[in-house]
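Hi everyone, thanks for making time.

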Amino acid sequence: MPSCHACRHSKILPLGAALAASVLLPLGRLFGLSAVVMRSTRRRGISLRQVILEILSFLCTLVSCCLFAASLGESESWIMSLALATVSQMRQLGRQGLSWVYFPPTATHRRVKAQLPWIVASSLMLTLFCMVLMMATSSFSFGSWLCTGLVVFASVELQEIFLEGIVGPSSAEGSELLEALVQPLSCEGPGLSRWLALAALAHAVVYRHQGQMLSKTTAFGYPMDIQPPAFAAQVFGTRSKAVSMSTSGLQAPDGRSFFAVYLQSGLEVLREFTIRVQCIVAASRHKGAKALDLSQLQVLEADVLQLAPLMRIAAAGLCGWICLSRDMDDLGKVQREDALSKVIYELCGALQALKRLISLRGLLDFAPPTVRGAQSSFEEAQHSLYQLLMTFEHCGLQQVILPPLYKRMLEDMMRDF
């Protein structure tokens with residue numbers, strides 16, 4: 001009987017240690033996630049609460065490593081657990097700030113499935129790294145710590161996947177976006193706030209078709225009684241259920257509406273991108289393939305690539321809000337700015353310039369990133385233009401005044417519907 005009782009006791013203890021580790025490890029990741037989100041929302045400095053969360057995350061990870069290794073039969077576990085907890089804390093997402101997600105990511109289970117080989121490989125490499133570091137200071141069981149390291153580092157990688165999309169554009173305020181939209185167009189320094197503002201507005205208006213035929217829908221195929229997107233009250237000046245705003249909406253210091261500032265900011269991006277593309281096209285058209293040497297071509301290509309992501313964001317955002325205005329702009333702010341004509345004009349110009357640039361691939365020695373960026377920008381501009389044409393085909397498209405070249409382009413696109 002005593003031996004049977006001891007045998008049962010020896011089986012219960014490892015199981016209890018494994019269960020405790022499975023509780024403490026997610027708790028440590030939760031503390032770490034809270035610290036990351038707090039770090040991303042603070043403008044400067046480190047708060048005492050953030051330090052406490054970091055310490056709690058480290059301690060939970062440390063104890064869970066010890067318990068998990070003990071459940072696998074490892075007795076001396078503190079030194080190796082300290083190494084694993086330290087590296088996992090350094091590996092945690094958000095040390096340099098969260099990166100902005102322009103559009104909603106795919107489903108979580110699909111991201112986990114796609115990144116599963118990388119999760120296993122990176123966890124294995126980090127575990128072996130810790131074991132090599134601790135090999136001279138302590139003796140340990142290879143199999144036990146290999147399993148422990150894989151579990152701990154895989155939890156860090158999974159935290160990064162689950163964190164994607166948590167911090168959305170709705171966390172920003174309309175006044176902050178309005179201030180950012182009037183910043184100079186720049187790819188570094190304070191001008192990056194304009195990138196974030198344009199990305200937030202584009203992100204807010206992205207809708208996905210569900211393949212359902214509804215009796216009363218918006219321009220995007222969604223029912224009219226759903227909650228409006230974030231910033232709808234600021235853009236259209238209407239009262240939103242989610243945001244308590246007056247019907248006049250936000251205004252710039254010079255009296256312009258929020259949408260007028262947003263429209264000017266987005267159009268400036270489209271024009272600047274088109275000009276940068278036309279610089280390459282014009283030089284090759286006048287002097288041929290030898291018009292630019294390699295260094296000059298690289299400089300012009302870098303200028304195009306630098307602004308290509310922002311051009312796609314501006315095109316998608318402006319197109320989305322203009323299409324949505326057909327059903328939600330009760331005050332006519334979008335129509336008063338003549339936004340449909342202006343955006344169609346700029347998109348046609350960008351398409352013409354990009355089409356000529358892509359046709360020069362055999363004449364000029366473009367770098368592969370330039371070709372991919374030009375092709376992606378062309379597809380986004382074409383898709384945005386298609387969406388505008390389909391939405392306003394019987395709702396004011398005939399009133400848009402365009403040059404003959406652009407009219408023929410639209411007629412050709414309409415025939416392809």
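I'll go through the salt bridges, then one tryptophan, then the cysteines, and end with a database note.

Before we start, keep in mind that this is a predicted model.

Okay, salt bridges. Side chains of opposite charge can pair when their charged atoms come close. How many salt bridges does the structure hold? Four, and I'll show you some of them.

Start with Glu 268, which pairs with Arg 194, the closest N and O atoms being 3.0 Å apart. This pair links distant parts of the chain: Glu 268 sits in helix α9 and Arg 194 in helix α7, 74 residues apart. Glu 268 is partly exposed, at 36% relative accessible area, while Arg 194 is buried, at 2%.

Next up is Arg 271, with Glu 346 as its partner and 2.8 Å between the closest N and O atoms. Arg 271 is in helix α9 and Glu 346 is in helix α12, so this pair ties together parts that are 75 residues apart in sequence. Arg 271 is partly exposed at 39%, and Glu 346 counts as buried at 11%.

Then there's Glu 272 with Arg 276, at 3.0 Å from N to O. Why are these two separated by about one helical turn? Because they're four residues apart in helix α9. Glu 272 is partly exposed, at 27%, and Arg 276 counts as buried, at 18%.

Now the tryptophan. Look at Trp 321, in helix α10, which covers residues 294-328. Is Trp 321 buried or exposed? It's buried, with a relative accessible area of 0%. Setting aside neighbours within four places in sequence, Trp 321 touches a whole list of residues, including Val 205, Pro 229, Phe 236, Phe 259 and Tyr 262. Ala 232 is on that list too, and although it's 89 residues away along the chain, its C-alpha is 8.7 Å from that of Trp 321. The Trp 321 side chain also reaches the backbone oxygen of Leu 201, at 2.9 Å.

On to the cysteines. The structure has zero disulfides. The sulfur of Cys 65 is 6.8 Å from the closest cysteine sulfur, in Cys 66, and that's too far for a bond. Both are tucked away: Cys 65 is buried at 0%, and Cys 66 is buried at 8%.

Last, the database note. An unreviewed UniProt entry puts "transmembrane region" at residues 12-31 and 115-136. In the model, residues 12-31 are 100% helix, and the end C-alpha atoms are 29 Å apart.

Methods:
Residues are numbered from 1 along each chain as its sequence is written. This is a predicted model: local features need pLDDT of at least 70, side-chain atom pairs count only at pLDDT 80 or more; totals for chains, interfaces and linings use all residues. Side-chain values use heavy atoms; hydrogens and water are left out. A disulfide is a pair of cysteine sulfur atoms within 2.5 Å. Buried means under 20% relative accessible area, exposed over 50%, partly exposed in between (1.4 Å probe, protein chains only). Contact means heavy atoms within 4.5 Å. A polar contact is a pair of N or O atoms within 3.5 Å; within protein, one must be able to donate a hydrogen and the other to accept it, and residues adjacent in sequence count only if both atoms are side-chain atoms. UniProt positions are given in the numbering used here, feature names are shortened, and annotations may be inferred rather than shown by experiment. A salt bridge is a side-chain nitrogen of Lys or Arg within 4 Å of a carboxyl oxygen of Asp or Glu.
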